[in-house]
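Hello,

Here is the structure I said I would pass on. My notes on it follow below.

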Amino acid sequence: MNAQLKTTMKVLLSIIFGGAILYWMYRDFDFSRLGKFMLDEMDWTWMLLSFPFGILAQTFRAWRWRQTLEAADEHSRRSVRENSIFFSYAISLLIPRLGEFARCGVLTRYDKVSFAKAIGTVVTERIIDSTVILFITGATLLLQINVFGSFFDETGTSIDGIINRFTTAGWIVTIICIIAVIAVVVFMMKKMTVHSKIKDALHSVGEGVMSLKKVKNIPLFIVFSIGIWVAYFLHYYLTFFCFDFTANLGIMCALVTFVVGSIAVIVPTPNGAGPWHFAVKTMLVLYGVAETDALYFVLIVHTVQTLLVLVLGIYSMAALAMTKRKAV
């Protein structure tokens, strides 16, 4: 199977998986009332007020990226970095996870930044982002432990239940698989280091990953890292005030559903479509929102915010098309 076919299969499977979840959730939904609901029962002012925070989150990411790139001795223009971020999110709507490579490719194309080093800095960013979201998740879990317990019961994802289903043979097979994966990775790494070009590429990636050590202004880097997630949260939280049935749920409900939704989008579907809807809808129901209303909320909020990502992506492509490339 060639690389293009494998990529196509992955894209199709992610779309089918997300689509299957959405079909299952909305199979009995009355879409004929959706238009009237959006026109008569929504306060669009709050939706519009949420847009700047969605843009700000991506802009913070571009500003933080400058710090890690410069620490790796690579330099790019602010406009190119920002547009590469907007472009990457739009690309990920079509092919999940491709955006990270796309934004590095934009910097290589327009500002002659080392692609390998750029990838390394992105890896660093992902480690930092994962740390921040884990901290937020941990704090939220402690504050709303009863709600999370109900969520696990409702979805059948109790950790104890999963562990109890494993037989001795199951544990043995699992351990063997883990060892096999580690052995394959070690073997492949040894094989790759034989080739000088790949060694150079891995070294460049390593430089990018280790760029955090050389960041000049760590406090500012921390501010940007926290600012990204605060902006994402406000982008989401303000949409609660668009609907009567979520306006009074409070910031903790918003934080819990935000965390659950952020974890759900790890599943590789376009912009988390399907898993995000299911996770957020389930949590809203646990907070007392009627199921139909929860379905309205996740459908409208996710669709509108996805359209914002798409508009920013189109803008970035137009802006990059008018941007001159740096000379070698």
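Ser-84 is buried, at a relative accessible area of 0% (buried means under 20%, exposed over 50% and partly exposed in between, with a 1.4 Å probe and protein chains only). The model is a predicted one, so local features need pLDDT of at least 70 and side-chain atom pairs count only at pLDDT 80 or more, while totals for chains, interfaces and linings use all residues. Residues are numbered from 1 along each chain as its sequence is written, and side-chain values use heavy atoms, with hydrogens and water left out.

Ser-84 sits in helix α4 (helices, H or I of at least four residues, and strands, E of at least two, are DSSP runs numbered from the N terminus). Beyond its neighbours within four places in sequence, Ser-84 has contacts with Trp-65, Arg-103, Val-106 and Leu-107 (contact means heavy atoms within 4.5 Å).

Val-309, in helix α15, is also buried, with a relative accessible area of 12%. Setting aside residues up to four places away in sequence, Val-309 touches Gln-58, Tyr-89, Ala-90 and Leu-93. Its C-alpha is 10.0 Å from that of Phe-51, which is 258 residues away along the chain.

For the chain in total, there are 15 helices and zero strands. Of the 328 residues, 43% are buried. Among contacts with a separation of 6 or more, 75% are between residues 24 or more positions apart.

Asp-43 caps the N-terminal end of α3, with a side-chain oxygen 3.1 Å from the backbone nitrogen of Thr-45. After α3 comes Asp-73, with a positive phi near 65°.

The largest pocket holds about 1300 Å³ of space. A pocket here is an open set of points on a 1 Å grid over the protein atoms alone, with protein on both sides within 12 Å along at least five of seven lines; lining residues have an atom within 4 Å of a point. The volume is the space filled by probe spheres set on the points. The lining has 43 residues, and Tyr-89, Trp-229, Tyr-232, Val-265 and Asn-271 are the closest to the centre. Helix α6 gives the largest share, seven residues.

Regards

Notes
Polar contact = N/O pair within 3.5 Å; in protein donor to acceptor, adjacent residues only side chain to side chain. 1 Å grid on protein atoms, 1.4 Å probe; cavity = no way out; pocket = protein on both sides within 12 Å on 5 of 7 lines; lining within 4 Å.
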